[in-house]
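Please look over the sequence and the structure below; a briefing on fold, domains and helix packing follows.

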Amino acid sequence: MTQHQLLLRLQDLDGQMARLDEQRQRNGLSAYEERLQRIQQDYARKSERSRVLQEFLAGSQLLELEKEISALEASTEKSQLGPLQQRKAELEDETLNGMLELEELEPQLPQLREALAEVEGELAEARPEEQERLDNLSMRLEAMARERSELTAQLPAEVIQAYAKTGRVDEVKQGRCRCRLEVPDHYLRQLRAGHAWVCNTCGSLLVQTLTP
Ligand SMILES: [Zn+2]
C-alpha cells in the first residue's frame, strides 16, 4: 500500500473506532435502571405515607380528647370547652380523610411490589445481552487497534506525527495546501506517486486526493 492508501485507511479506521467507542460508553441498561429507580422511589414514598397514616389512625388522640371534654362538661370550668370541641371536629375530619387516603393507598403497594419484581426480572434478562454487546464492541475495537498499529508501523515518523497533531489528512487542491502555499513541483510528483507530504508552513498532512 502507498502512504496515500495507508493514510486513508488510517483515517477511516479512526472514524470507525471513535464511533464504536461512543457506542461502548453508552449504557444499554439505563432505560431499565431509570424505570426501576422511579418505581422504587414511588414505593418508598407511598409505604412511608401508609405507615404514617396507620400510626395516626391507631393513636388514641380522639379518645383522649373526648375524655377531656366529658371531664370539663362535668366540672364548672366550661370556658375551655369551645376550643376543645373545635379541635375534636378537626380531628374527626383528619381521621376520616386519613382513612380514605389509606384505603386508596393500600392496594397500590402490592401492585408496586409486583412492578418492581417485573422490572428487576427484565433487567436481569437484559444484563447478559448488554454484556454481549459490550464484549462484541471490545473485540472489534481490539482488532481495529491491531490493524491500526500495523498501518502506522508502515508510515514514516514525521507523517505519523503530523497526523497525530492535526488529526486529519488533507488533499492538495490546485497544487496548493490548505494554507494556500503552493506545493513545489517535485513534491507534487511525489504526491501523485502516492506519497504523503507534510506542509512545513502550517503542518497539514497532504495527500493527492481524499476520494480513493
Ligand atoms: Zn500548509
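The protein contains seven helices and three strands, where helices (H or I, at least four residues) and strands (E, at least two) are DSSP runs numbered from the N terminus. This is a predicted model, in which local features need pLDDT of at least 70 and side-chain atom pairs count only at pLDDT 80 or more, while totals for chains, interfaces and linings use all residues. Residues are numbered from 1 along each chain as its sequence is written.

**Overall form**
- Along the sequence, the order of elements reads α-α-α-α-α-α-β-α-β-β.
- The radius of gyration, taken over C-alpha atoms, is 38 Å, well over the 17 Å that the globule rule (2.2 Å times the number of residues to the power 0.38) gives for 212 residues, so the protein is more spread out than a compact globule.
- The C-alpha trace spans about 120 × 40 × 25 Å along the principal axes.

**Domains**
- The domain assignment, with bounds from an automatic or database source, gives domain 1 (9-153) and domain 2 (157-207).
- The C-alpha centres of domain 1 and domain 2 are 59 Å apart.

**Packing of α1 and α5**
- Helix α1 (residues 3-25) packs with helix α5 (residues 108-153) at an angle of about 160°, their axes lying 10 Å apart; axes are lines fitted to C-alpha atoms over the stretch in contact, and angles run from 0 to 180 degrees between N-to-C directions.
- α1 and α5 are therefore roughly antiparallel to each other, a term for angles over 145 degrees.
- Residues making the contact (C-beta atoms, placed from the backbone, within 7 Å) include Leu 6, Leu 10 and Leu 13 of α1 and Leu 134, Leu 137 and Leu 141 of α5.

Key:
Parallel < 35°, antiparallel > 145°, perpendicular 65-115°, else oblique. Contact = placed C-beta atoms within 7 Å.
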